Amino acid sequence: MRRVLPVLALLPVLGCGPESAAEAPPLSGPRAEALAAPVLASPPQAVVDLALAAPLGRFGTNSSGGRYCTDCQGQSFLLAVAAFKGNPSADARLLAQMRHVLGGGRDPFANGGYMAQHERMMTGMFALAKLTPRVWSQLTADEVKKIDLIMKATLVGSAYTTSDTSYLGGAVPTGIDGDTNLHRDWNPNYREGMVGAMLVSTLYLGGRAPTDTFLNGYQHAAFVTQLQAAGLTTLHKVFNTAVASPGAGAPSATKVQAALQNYRYKGLALDQLFDIYLRVAEDTFSGAVSCGLNGGKGVALSTGEPSGLLVKGCEQLPNKGKTGQLKEFNSYDAPGQRSATFYAYDGFKPDLINHAVLVAYGAMPAGTATTALAQRIAVGAQDLFFKVGQGYRDYAKGKDYGVYQLPASGVGDGYQYNRPLWEKVIAPAHGL
């Protein structure tokens with residue numbers, strides 16, 4: 001079934017990128033010195049007002065066991081950015097949102113897998129709130145303790161599923177709860193969340209030294225007890241899986257503890273957060289801009305109508321051939337080719353949070369690598385916004401998902417928060 005809504009009004013080009021994939025500059029080489037590191041801009045009040053009016057987000061499990069994060073569209077992080085930049089109108093709602101996920105079955109899962117992309121909406125919020133004393137000081141000692149446990153739990157879950165140790169000899173880890181639907185090298189909607197947990201929680205905990213100390217000394221059974229005592233019922237259930245459900249395939253406490261020792265992600269330690277981020281982000285924004293799969297022709301369907309392509313406006317598509325298109329506009333899943341706005345967006349959202357948190361903590365240096373990356377993201381962002389405005393026929397898992405198109409207002413699926421997060425908050429930090 002097709003889903004077509006009115007066309008989204010598009011904003012002007014925000015930046016430029018390398019002319020083609022072959023000409024893209026390396027993002028992980030030597031970085032030249034610059035005058036100043038990037039600094040986030042303050043979100044416009046109109047956007048903050050939208051976030052203030054939005055429902056509070058929460059995690060949950062449905063009757064069939066499926067996990068979800070409802071109303072996790074980006075408003076929580078947008079409020080945290082606004083408060084961090086000195087806008088007190090965001091404070092009360094931000095505090096309400098933080099408290100809303102501190103137990104009661106509304107806390108995250110932290111198994112280190114698929115849901116990590118949605119958990120960044122909340123852990124990124126906590127990380128920026130900690131940098132905002134007038135907000136953070138209003139939390140009770142018990143609330144801070146619960147937040148600390150959430151940040152440590154999301155760290156442990158993703159440390160286990162992304163650690164080099166977990167992949168030695170061709171091994172593939174499960175989630176903390178035995179979930180097999182994950183891999184650190186899968187598409188960006190997985191890796192941006194999984195690896196992003198390492199970036200965000202490490203900064204929250206104070207950098208490599210305290211984070212390594214925690215991971216190297218981690219005792220699983222004791223941590224499970226702490227989660228239970230704090231009333232973090234969802235986290236406790238996930239982390240207690242190996243004991244409560246022996247047949248679930250969850251890793252033993254010993255196995256988890258061993259994987260956390262001397263953590264490395266593809267050889268990189270936790271004082272190399274910017275380099276870790278580059279490894280992930282340059283993959284997320286690795287495509288050459290095009291109108292769709294197979295040279296813009298899409299994938300032929302039995303109905304005769306192609307899928308995986310821009311339904312109109314190909315002639316006007318900006319930045320054709322430039323590097324920066326979100327990978328999941330030209331990627332693969334188990335049945336074959338993939339090109340879908342919703343998968344591309346699911347990689348884009350956590351990347352913005354990872355990026356903004358690095359900038360807020362002063363962990364994104366000035367220099368050619370940062371500039372090149374920002375230009376690449378600018379290409380990918382404009383490409384995404386153009387495609388969801390014109391209408392894009394999504395193709396994934398071997399089937400057509402119909403046409404995705406935003407209304408003229410641009411409001412929907414959190415674009416009203418995430419688009420300005422890039423265009424009004426992050427892009428200006430890089431002079432775009």
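Author: Two residues are in contact when heavy atoms lie within 4.5 Å. The model here is predicted.

Reader: What share of the contacts with a separation of 6 or more comes from residues 24 or more positions apart?

Author: In this protein chain, 79% of them do. The chain has 17 helices and 9 strands.

Reader: How does the radius of gyration of the chain compare with the globule rule?

Author: The radius is 21 Å, close to the 22 Å the rule gives for 432 residues, so the chain is as compact as a globular protein of that length. The C-alpha trace spans about 60 × 50 × 45 Å along its principal axes. Of the 432 residues, 58% are buried.

Reader: Is Q117 buried or exposed?

Author: A residue counts as buried under 20% relative accessible area. Q117 has 2%, so Q117 is buried. This residue is found in helix α4, residues 116–130.

Reader: Which residues does Q117 touch, apart from those up to four places away in sequence?

Author: Q117 touches N189, G193, D346 and P350. With N189 there is also a polar approach: the side chain of Q117 reaches the backbone oxygen of N189 at 3.1 Å.

Reader: At what angle do the axes of helix α6 and helix α12 cross?

Author: Angles of 65 to 115 degrees count as roughly perpendicular. The axes of α6 (residues 141–162) and α12 (residues 253–260) come within 9 Å and cross at roughly 80°, so the two helices are roughly perpendicular to each other.

Reader: Which residues make the contact?

Author: From α6 they are V156, A159 and Y160, and from α12 they are K255, V256, A259 and L260. By class, the contact has 6 nonpolar, no polar and 1 charged residues.

Methods: Residues numbered from 1 in each chain as written. Predicted model: local features only at pLDDT ≥ 70, side-chain atom pairs only at ≥ 80, totals over all residues. Heavy atoms only, no water. Helix = DSSP H or I, 4+ residues; strand = E, 2+ residues; numbered from the N terminus. Buried < 20%, exposed > 50% of the residue type's maximum accessible area, 1.4 Å probe, protein only. Polar contact = N/O pair within 3.5 Å; in protein donor to acceptor, adjacent residues only side chain to side chain. Axes fitted to C-alpha atoms, helices over the stretch in contact; angles between N-to-C directions. Parallel < 35°, antiparallel > 145°, perpendicular 65-115°, else oblique. Nonpolar A, V, L, I, M, F, W, Y, C, P; charged D, E, K, R; others polar. Rg over C-alpha atoms; globule rule 2.2 N^0.38 Å.
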